[in-house]
Amino acid sequence: MRSAVASAKRAAMERMRLEARLPRHLLYVKGWPTAVPGIEDAELIAAIRRRISTLLAIDAAYLTGPAVRDRYRDLMAAQSHDQPPH
């Protein structure tokens with residue numbers, strides 16, 4: 001059990017380190033993106049998502065730059081219609 005707790009703490013710290021690499025302009029505001037990321041930013045987001053999904057052994061989506069950009073576009077469109085993000 002101690003080993004599992006230590007492993008979870010390491011994973012949480014690594015996740016925080018990875019997420020800290022995201023530039024401020026890419027962060028969501030009130031649950032929504034503020035802009036569709038450019039190609040390089042989308043690739044950075046995808047790389048971080050891939051690493052975190054591996055680290056936490058989760059089946060994440062939007063793991064490529066184009067998929068990230070499409071998701072942001074969908075969220076921006078939903079926001080314009082006042083739909084909550086999901």
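Me: Leaving aside its neighbours within four places in sequence, with which residues is glutamate 14 in contact?

Reply: A contact here is a matter of distance between heavy atoms, with a limit of 4.5 Å. Once the neighbours within four places in sequence are set aside, glutamate 14 is in contact with Arg51 and Leu55. Please bear in mind that this is a predicted model. Glutamate 14 itself is placed in helix H1.

Me: Is glutamate 14 buried or exposed?

Reply: The limit for a buried residue is under 20% relative accessible area. Glutamate 14 has 19% relative accessibility, so it counts as buried.

Me: With which residue does glutamate 14 form a salt bridge?

Reply: For a salt bridge, one examines a side-chain nitrogen of Lys or Arg and a carboxyl oxygen of Asp or Glu, within 4 Å. The partner of glutamate 14 is arginine 17, and their closest N and O atoms are 2.7 Å apart. Both residues belong to helix H1, which covers residues 2-19, and they are separated by 3 residues, about one turn of the helix. Arginine 17 is partly exposed, with a relative accessible area of 46%, whereas glutamate 14 counts as buried.

Me: How many salt bridges does a search of the whole structure find?

Reply: The search returns 3 salt bridges. One of them joins glutamate 19 to arginine 15, with the closest N and O atoms 3.0 Å apart. These two residues also lie in helix H1, at a spacing of 4 residues, about one turn of the helix. Glutamate 19 is partly exposed at 35% relative accessibility, and arginine 15 is partly exposed with a relative accessible area of 36%.

Me: Which residue forms a salt bridge with arginine 73?

Reply: Arginine 73 pairs with aspartate 70, again with the closest N and O atoms 3.0 Å apart. Both lie in helix H3, 3 residues apart, about one turn of the helix. Arginine 73 has a relative accessible area of 37% and is partly exposed; aspartate 70, at 42% relative accessibility, also counts as partly exposed.

Me: At what angle do the axes of H2 and H3 cross?

Reply: The two axes come within 8 Å and cross at roughly 105°. Angles of 65 to 115 degrees count as roughly perpendicular. H2 is therefore roughly perpendicular to H3. On the side of H2, the contact is made by Ile39, Ala42, Glu43, Ile45 and Ala46, and on the side of H3 by Gly65, Pro66, Val68, Arg69 and Tyr72. Sorted by class, the contact comprises 7 nonpolar, 1 polar and 2 charged residues.

Me: Which residues make up the largest nonpolar core?

Reply: To read such a core, one follows buried nonpolar residues joined through side-chain atoms. In this structure the largest nonpolar core has 6 residues, namely Leu26, Ala42, Ile45, Ala46, Val68 and Tyr72. Helix H2 (39-55) and helix H3 (65-80) are the elements that each give two or more residues to this core. H2 gives the most, with 3 residues. For alanine 42, the contacts beyond its neighbours within four places in sequence are Pro37, Gly65, Val68 and Arg69.

Me: What fraction of the residues of the protein chain count as buried?

Reply: Of its 86 residues, 23% count as buried. Turning to sequence separation, among contacts between residues at least 6 apart in sequence, 58% join residues at least 24 apart.

Me: Where does aspartate 59 lie?

Reply: Aspartate 59 is found in the loop between H2 and H3. The limit for an exposed residue is over 50% relative accessible area. Aspartate 59 has 81%, and is therefore exposed.

Methods:
Residues numbered from 1 in each chain as written. Predicted model: local features only at pLDDT ≥ 70, side-chain atom pairs only at ≥ 80, totals over all residues. Heavy atoms only, no water. Core = buried A, V, L, I, M, F, W, Y, C linked by side-chain atoms within 4.5 Å. Buried < 20%, exposed > 50% of the residue type's maximum accessible area, 1.4 Å probe, protein only. Axes fitted to C-alpha atoms, helices over the stretch in contact; angles between N-to-C directions. Parallel < 35°, antiparallel > 145°, perpendicular 65-115°, else oblique. Nonpolar A, V, L, I, M, F, W, Y, C, P; charged D, E, K, R; others polar.
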